[in-house]
Amino acid sequence: MKIRTLDAKSIVLIGLAGSLAATAWAQPYPSKPIRWVVPSSPGGGADTVTRLVANGLPPVLGQRVIVDNRAGASGNIGADIVAKALPDGYTWLMINNAQAANVSLYRNLPYDLLRDFAPVTQVDSSPHVVVVHPSLPVKSIADLVKLAKAKPGTLDYASAGTGTVTFVAAEMFKAQAGVNMTHVPYKGGGESLLSALTGETPVYFSPLAVALAHMRQGRLRALAVTSAKRLSMVPELPTVAESGYPSYEFNLWNGLLVPSKTSKEMITAIRNAVIKVLNTPEVNKRLVDMSSTVIGSQPEEFGAFVKSEVDTLAKLVAKLNLTAESIR
């Protein structure tokens, strides 16, 4: 058997190929645009916050961050896309309370929220506001409860879909107030807000930032905020808690996840970039103007927070005997 020996030229070519391969693997992150999936329609609270942060990331990362709205199935379509993506740092997921509720609402999710994702950071937290169409003869939470109890099941409330934050906020209120309002799910935040503005569905637990302009224009009547304390932005509005339901508190939160096997080094790089943007005066002011509080937690803290939210909402779902199918 003849053994072939390598000449000097072959050795040089092999060495060059190895060097090029090593260089390719050692490229700094990120070396191409990043896809940030928002599992809801454009115009909602999560989409607004995501785009605000994404717009500030190119100068920090040196790459574009493309916001990809993948609405449907209460956010499960978008979440499933990211769960099955490569753990290479180029596909991110923005989640909120809805994904935590879906764990209990849906029997056969195509992904596992706690197993298939790695936490990066909680981005922010913001309250909702209970609003009604001006034609509805109520001016307070007490009035709303009185009307709902007088006509059980005839008062409709809108949501951006089963399991979404607007749904969870309303269902928590229904449970504590002991009222029966009929759930009318829409395909997203824009459609549910429009239904409240037209009076088609007169009650809506809206993100404050989304409803604020309409409240000031008199197109919606605000009854109370869902935060634990009154807000400086709308100091005249009582909280739901001080309106007779002291244990009621609901805040919309947004947080960033990536596929579960993403390296710790890459997760740190992603978090650092996001925190840098959140701390810029322009972005921070915009969030404050939206009644949002910047959080910026560590990955481990956010992971524990998501787990606690899953557990809390599981108790609510069990108490009310809810499933995604039963409340469509």
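**Confidence**

I looked up the confidence of this predicted model first: the protein averages a pLDDT (the predictor's confidence in each residue, from 0 to 100) of 90, and 91% of the residues score at least 70. Over residues 16-25 the pLDDT is below 50, and this stretch has 0 contacts (heavy atoms within 4.5 Å) in the model beyond near neighbours in sequence. Where pLDDT is low, the predicted coordinates should not be read in detail.

I note that residues are numbered from 1 along each chain as its sequence is written, and that side-chain values use heavy atoms, with hydrogens and water left out. In this predicted model, local features need pLDDT of at least 70 and side-chain atom pairs count only at pLDDT 80 or more, while totals for chains, interfaces and linings use all residues.

**Cavity**

I searched the whole structure and found 1 cavity of 30 Å³ or more. A cavity is a set of points, on a 1 Å grid over the protein atoms alone, where a 1.4 Å probe fits but cannot get out; lining residues have an atom within 4 Å of a point. Grid points are joined across faces, edges and corners, and a volume is the space filled by probe spheres set on the points.

The largest cavity holds about 40 Å³ of space. Helices H5 (97-105), H7 (165-177) and H12 (299-320) each supply at least two residues of its lining; helices (H or I, at least four residues) and strands (E, at least two) are DSSP runs, numbered from the N terminus. I recorded 8 nonpolar, no polar and 1 charged residue in the lining. Here Ala, Val, Leu, Ile, Met, Phe, Trp, Tyr, Cys and Pro count as nonpolar, Asp, Glu, Lys and Arg as charged, and the others, Gly among them, as polar.

I then turned to Glu171, one of the lining residues, which lies in helix H7. Glu171 counts as buried because its relative accessibility is 4%; buried means under 20% relative accessible area, exposed over 50%, partly exposed in between (1.4 Å probe, protein chains only). Leaving aside neighbours within four places in sequence, Glu171 is in contact with Tyr157, Leu320 and Leu322.

**Pockets**

A pocket is an open set of points with protein on both sides within 12 Å along at least five of seven lines. I find about 520 Å³ in the largest pocket. Its lining has 35 residues, of which Ser40, Ala160, Thr164, Gly188 and Gly189 lie nearest its centre. Helix H8 gives the most to this lining, with 3 residues. By class, I count 16 nonpolar, 17 polar and 2 charged residues there.

The second largest pocket has about 290 Å³ of space. Helix H12 gives the most to its lining, with 7 residues, and the lining divides into 7 nonpolar, 4 polar and 4 charged residues.

**Cores**

I also examined the largest nonpolar core, which has 53 residues; Phe173 and Tyr248 are among the members that touch the most others. H7 gives the most to this core, with 8 residues. A second, separate core of 31 residues includes Trp36, Val38, Ile275 and Leu287. Such a core is a set of buried Ala, Val, Leu, Ile, Met, Phe, Trp, Tyr and Cys residues joined through side-chain atoms within 4.5 Å.

**Ser291**

Finally, I located Ser291 in the loop between helix H11 (281-289) and strand S10 (293-294). Ser291 is buried, with a relative accessible area of 13%. Ser291 and Leu212 are 79 residues apart in sequence and 9.8 Å apart in space, C-alpha to C-alpha.
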